[in-house]
Amino acid sequence: MEQELPKQELIDHIIALQRDLLRVFREGSTSMWLELDITMAQLRILFYLSAVGCSTPGEIASALSIARSAVTPLLDRLSRRKMLVRKLDSSDRRSFKVRLTEKGASLTERLRDEQWSRMREVLEHMELRDLTLLEQGFVRAHRAAEVSKCGNEMHQVQALPTTEEGVAN
């Protein structure tokens, strides 16, 4: 039986494993990413807009920690490639909002789908018992993330009951 690691060492080990796992996922799905003809800054804007729907250039700059003056040329390039559109803000005629076009939304969705597909390939190689344990770990991590998001650092996530084999009842 493996010796238990102190909590901080265990956290460090989990983070290292997660980084390595993400590397494995990326290695298996690089073809589509390598074919992209856009910069990382442009890609970040596309994924940001995919998450929020529409935004002003100032909000994009703030959210992505990009200089406001650098956002406009990035938006211009994405607009010329038909990845996003600009619309005048009805509440402030001096401003405009930016949103993805179908082409931009399709690209971000295809990139996400490729990642999920690679993850599925990896998970298919696992035994059912290990998948069950992994799912329980993700449920607990999700709960901890929700607690953390709410600013309640003092609250620990309650452990789920387990059987002798380590699988919840």
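**Exercise 1. Which residues make the nonpolar surface patch of about 250 Å², and how accessible is Leu5?**

Solution. The patch of about 250 Å² is made by Leu5, Leu10 and Ile14. Patches take residues with over 30% relative accessible area and no salt bridge, joining like charges within 9 Å and nonpolar side chains (Val, Leu, Ile, Met, Phe, Trp, Tyr) within 5 Å; a salt bridge is a side-chain nitrogen of Lys or Arg within 4 Å of a carboxyl oxygen of Asp or Glu. Leu5 lies in the segment before α1 (7-27), and at 39% relative accessibility Leu5 counts as partly exposed, where buried means under 20% relative accessible area, exposed over 50% and partly exposed in between (1.4 Å probe, protein chains only).

The model is predicted, with local features needing pLDDT of at least 70 and side-chain atom pairs counting only at pLDDT 80 or more, while totals for chains, interfaces and linings use all residues. Residues are numbered from 1 along each chain as its sequence is written, and side-chain values use heavy atoms, leaving out hydrogens and water.

**Exercise 2. Work out in what order the strands of the open sheet stand.**

Solution. Helices (H or I, at least four residues) and strands (E, at least two) are DSSP runs, numbered from the N terminus, and two strands pair if DSSP finds at least two bridges between them. Begin with strand β1 (residues 54-55), which pairs with strand β3 (residues 92-100) in the antiparallel sense over 2 bridges, with Cys54 opposite Arg99. Next, strand β2 (residues 84-89) pairs with β3, also in the antiparallel sense, over 6 bridges; here Val85 stands opposite Arg99, and Asp89 stands opposite Asp92. There are 2 residues between β2 and β3 in the hairpin that they form. The 3 strands therefore give the order β1-β3-β2 in an open, antiparallel sheet. Because β1 and β2 stand at the edges with a single partner strand each, one side of each is left without a neighbour in the sheet.

**Exercise 3. Check what span helix α3 (residues 40-52) should have, and find which of its residues are buried.**

Solution. The expected span is 1.5 Å times one less than the number of residues, so the 13 residues of α3 should span 18 Å, which agrees with the 18 Å between its end C-alpha atoms. The buried residues of α3 are Gln42, Leu43, Ile45, Leu46, Tyr48 and Leu49. Just after the helix, Gly53 takes a positive phi of about 95°.

Terms used: Accessible areas come from the Shrake-Rupley method with a 1.4 Å probe; for residues, only the protein chains shown count as cover.
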